[in-house]
Amino acid sequence: MNFDWLSPELARLLLGGFWVTIFLTAVTTLLAFLIGVAVGGMRLSKRSILQLFATVYIEIFRNIPALVIIIFFAFAVPNLFPIEQRQAIFFDNALADGLKALTGLSLPYYAIAALAGITFNASAYIAELFRAGVKSLPQNTVDVAQTLGATEREVYRRILRPHGVKAAFPAMSTRFIHTMKNTALASFVTVPEFFMVTQTAITRSFQAIQLLLLATAVYLFLAFAFSALLQQIDRRLI
């Protein structure tokens, strides 16, 4: 591919979007893993209230498209408040100003909404994968631990949770890569990740074919690199 059309201005624009995508991927992956394992643990709990909460959480966020969740948090949630309170709570406060100065985003709340939407959607799948991983463990492992005097909490913390994560991690890795690709949905709420800045670059340069081929190559690179990283993590899990 000839890159004569790629001006320094477009290169800087695309590089900025690339790093935003990396940031969104890192944050949503970590949060989805932590929340997913926690919710999956609640689903396995013997307490009916925890089971109910986990079931409702999973069914809601797994069955609603991630884009709908993102748009809900970005536009519907602020509209639940009167316009004066809406501005003060979501857009015009010390936290928003600090995030704006730190990230350069003109409306950082929309980035938070995108993070929330992607995270909640992914964590619902991770919760079910973790639960399946725990269910795949031999029952005699738990029985031996309980025979030796381990409490239910100790069995979960020392046996079920770590080994459940290990058993489910290959399937979780596939979901994490899907979550990385879902970061492109943040473009619908004006978050300048790689896909959105690619669209901006197209409107500025009219090089649609070249830029879309470049975006394809970048997402393939991210998928392969992320997959390799996840494989290394999988090998290091106990």
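**Salt bridges and pockets, in conversation**

Modeller: Welcome! In this predicted model, R62 and E59 join their side chains in a salt bridge, with N and O 3.0 Å apart.

Biologist: Nice start! About how many helical turns separate R62 and E59?

Modeller: Both residues belong to helix α2 (residues 48-63). They sit three residues apart there, so the separation is about one helical turn.

Biologist: Is E59 buried or exposed, or in between?

Modeller: Buried would mean under 20% relative accessible area, and exposed over 50%. E59 has 33% relative accessibility, so E59 counts as partly exposed.

Biologist: Which residues are joined with R62 and E59 into one network?

Modeller: Some salt bridges share partners, and these link up into one network. Besides R62 and E59, the network takes in R43, E128 and R131.

Biologist: How far apart in sequence are the parts that E9 and R204 tie together?

Modeller: E9 and R204 form a salt bridge, with their closest N and O atoms 3.2 Å apart. E9 lies in helix α1 and R204 in helix α9 (residues 194-205), so the pair ties together parts whose distance in sequence is 195 residues.

Biologist: Now the pockets! Which element gives the most to the lining of the largest pocket?

Modeller: That pocket has a volume of about 810 Å³, and 22 residues line it. Elements that give two or more residues include α1 and α6. The one giving the most, with seven residues, is α8.

Biologist: And how many charged residues are in the lining of the second largest pocket?

Modeller: The second largest pocket, of about 260 Å³, is lined by 15 residues. These divide into 13 nonpolar and two polar, and the charged count is: no charged residues.

Definitions and conventions: Residues are numbered from 1 along each chain as its sequence is written. This is a predicted model: local features need pLDDT of at least 70, side-chain atom pairs count only at pLDDT 80 or more; totals for chains, interfaces and linings use all residues. Side-chain values use heavy atoms; hydrogens and water are left out. On a 1 Å grid over the protein atoms alone, a cavity is a set of points where a 1.4 Å probe fits but cannot get out, and a pocket is an open set with protein on both sides within 12 Å along at least five of seven lines; lining residues have an atom within 4 Å of a point. Grid points are joined across faces, edges and corners, and a volume is the space filled by probe spheres set on the points. Helices (H or I, at least four residues) and strands (E, at least two) are DSSP runs, numbered from the N terminus. Ala, Val, Leu, Ile, Met, Phe, Trp, Tyr, Cys and Pro count as nonpolar, Asp, Glu, Lys and Arg as charged, and the others, Gly among them, as polar. A salt bridge is a side-chain nitrogen of Lys or Arg within 4 Å of a carboxyl oxygen of Asp or Glu. Buried means under 20% relative accessible area, exposed over 50%, partly exposed in between (1.4 Å probe, protein chains only).
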